Amino acid sequence: MGGPLKDQALASRAELSAFLAGVEKRAFKHAAYALRNDDAALDAVQDAMLKLSASYGERPAGEFPMLFQRILQNVIYDAMRRRKVRNAWVTLLSAFSPDDDGEDDPLDTLLADSDATRADTPHGRYEQARTLAAIEREIARLPHRQREAFLMRYWEEMDIAETAAAMGCSEGSVKTHCSRAAQTLAAALKAKGIVL
Amino acid sequence: MNEQEFASKLAGHLCVAAHTVEDEVAQRLRGARERALAVQRRRGRLARLLAGNRLRFAFGPVLRSAGSMVALLALLAAGDYWATWSRVASLEEVDAALLIDDLPIDAYLDTEFKTWLSRESQS
């Protein structure tokens with residue numbers, strides 16, 4: 001009696017599990033490029049996963065990529081908005097406190113980046129790490145919508161229609177964002193002497 | 001190199017970057033995935049409970065008695081409607097016959113009718 005329903009649920013769970021396992025690391029990177037903070041990126045991915053499974057877990061597996069990307073983008077936007085509000089308060093309050101702690105020194109980020117790519121591995125690995133770090137840095141510098149379109153279109157391998165649906169914009173806008181992102185990235189990497 | 005080729009090569013590098021995430025990050029992602037699947041499992045169980053046999057077992061007797069009540073009320077309403085309709089129809093026949101002076105002879109033989117007629121004509 002409950003056999004077909006149970007089988008369908010099991011298939012759906014297996015499909016969702018496989019989808020999440022396949023997308024989770026890319027989603028983390030995607031969120032990290034936008035939020036520039038690993039903890040915030042992990043929270044965003046977890047939030048997106050929970051929302052997908054709670055609200056759309058029983059949908060056909062073919063719809064998961066578009067739904068998940070849409071949810072993830074919304075979660076990232078929410079995180080950015082929250083951070084903007086928090087930063088506004090911090091700025092306001094820090095104006096009344098002595099400015100001698102220097103917690104958010106931009107050089108820390110640069111040092112962390114250079115630590116991640118230190119040359120304690122063979123030359124090839126070093127070069128690869130350097131290239132990856134440069135690519136990730138340039139991707140993180142892209143305007144949010146361009147990065148979003150570029151990553152969905154070429155990394156998630158979604159077609160133009162799916163990308164447009166996930167971003168809530170026209171297909172023409174997706175093409176424009178992708179083209180500009182590719183041009184910007186190509187120019188930036190060329191300037192650094194990186195050849196793909 | 002066109003946009004598509006460039007983007008494909010770049011995506012290849014990004015895939016390498018994604019697969020070299022730290023172990024701690026990978027573990028936290030796995031934990032997040034398991035929590036998400038647990039949520040789906042709970043919701044799936046609830047959906048099956050609502051759609052499956054347990055619903056029928058839980059609400060079957062209530063639905064059956066409600067159906068019987070509805071059928072009984074419908075029968076009573078239909079009976080009442082039919083009785084009212086037949087009474088009105090017979091009164092219509094008598095009224096029409098009185099108006100056109102075409103009463104059957106049985107009417108004049110009915111003593112009650114005679115009494116009623118004389119009382120009505122006096123008043």
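Visitor: What percentage of the 196 residues in chain A do buried residues make up?

Guide: The model is a predicted one. A residue is counted as buried here if 20 or more other C-beta atoms lie within 10 Å of its own. Of the 196 residues in chain A, the buried share is 32%.

Visitor: How many helices and how many strands are there in chain A?

Guide: Read from the N terminus, the elements of chain A follow the order α-α-α-α-α-α-α-α. The count for chain A is therefore zero strands and eight helices.

Visitor: Which helix gives the most residues to the side of chain A that touches chain B?

Guide: The contact involves 37 residues of chain A and 31 residues of chain B. On the chain A side, at least two residues each come from α1 (3–35), α2 (38–56), α5 (123–141), α6 and α8 (171–191). The residues on this side comprise 21 nonpolar, seven polar and nine charged. With 13 residues, the helix that gives the most is α1(A).

Visitor: Why is α6(A) described as oblique to α7(A)?

Guide: The axes of helix α6 (residues 144–155) and helix α7 (residues 160–167) of chain A come within 9 Å of each other and cross at roughly 140°. Angles over 145 degrees count as roughly antiparallel and those from 65 to 115 as roughly perpendicular. The crossing angle of roughly 140° therefore makes the relation of α6(A) to α7(A) oblique.

Visitor: Is A:Arg36 buried or exposed?

Guide: A:Arg36 is located in the loop between α1 and α2 of chain A. Its phi is near 55°, a positive value in a residue other than glycine. Most residues other than glycine have a negative phi. Because 12 other C-beta atoms lie within 10 Å, A:Arg36 is exposed.

Visitor: Where is A:Glu157 placed in chain A?

Guide: A:Glu157 is not a glycine, yet its phi is positive, at about 55°. A:Glu157 counts as exposed because it has 11 C-beta neighbours inside 10 Å. Its place in chain A is the loop between α6 and α7.

Visitor: What percentage of the contacts in chain A with a separation of 6 or more is accounted for by residues 24 or more positions apart?

Guide: Two residues are taken to be in contact if their C-beta atoms lie within 7 Å. Among contacts in chain A with a separation of 6 or more, residues 24 or more positions apart account for 62%.

How values were computed: Residues are numbered from 1 along each chain as its sequence is written. Chains are lettered from A and ligands numbered from 1 in the order in which they are written. This is a predicted model: local features need pLDDT of at least 70, side-chain atom pairs count only at pLDDT 80 or more; totals for chains, interfaces and linings use all residues. Axes are lines fitted to C-alpha atoms, for helices over the stretch in contact, and angles run from 0 to 180 degrees between N-to-C directions. Helices (H or I, at least four residues) and strands (E, at least two) are DSSP runs, numbered from the N terminus. Angles under 35 degrees count as roughly parallel, over 145 as roughly antiparallel, 65 to 115 as roughly perpendicular and the rest as oblique. Ala, Val, Leu, Ile, Met, Phe, Trp, Tyr, Cys and Pro count as nonpolar, Asp, Glu, Lys and Arg as charged, and the others, Gly among them, as polar.
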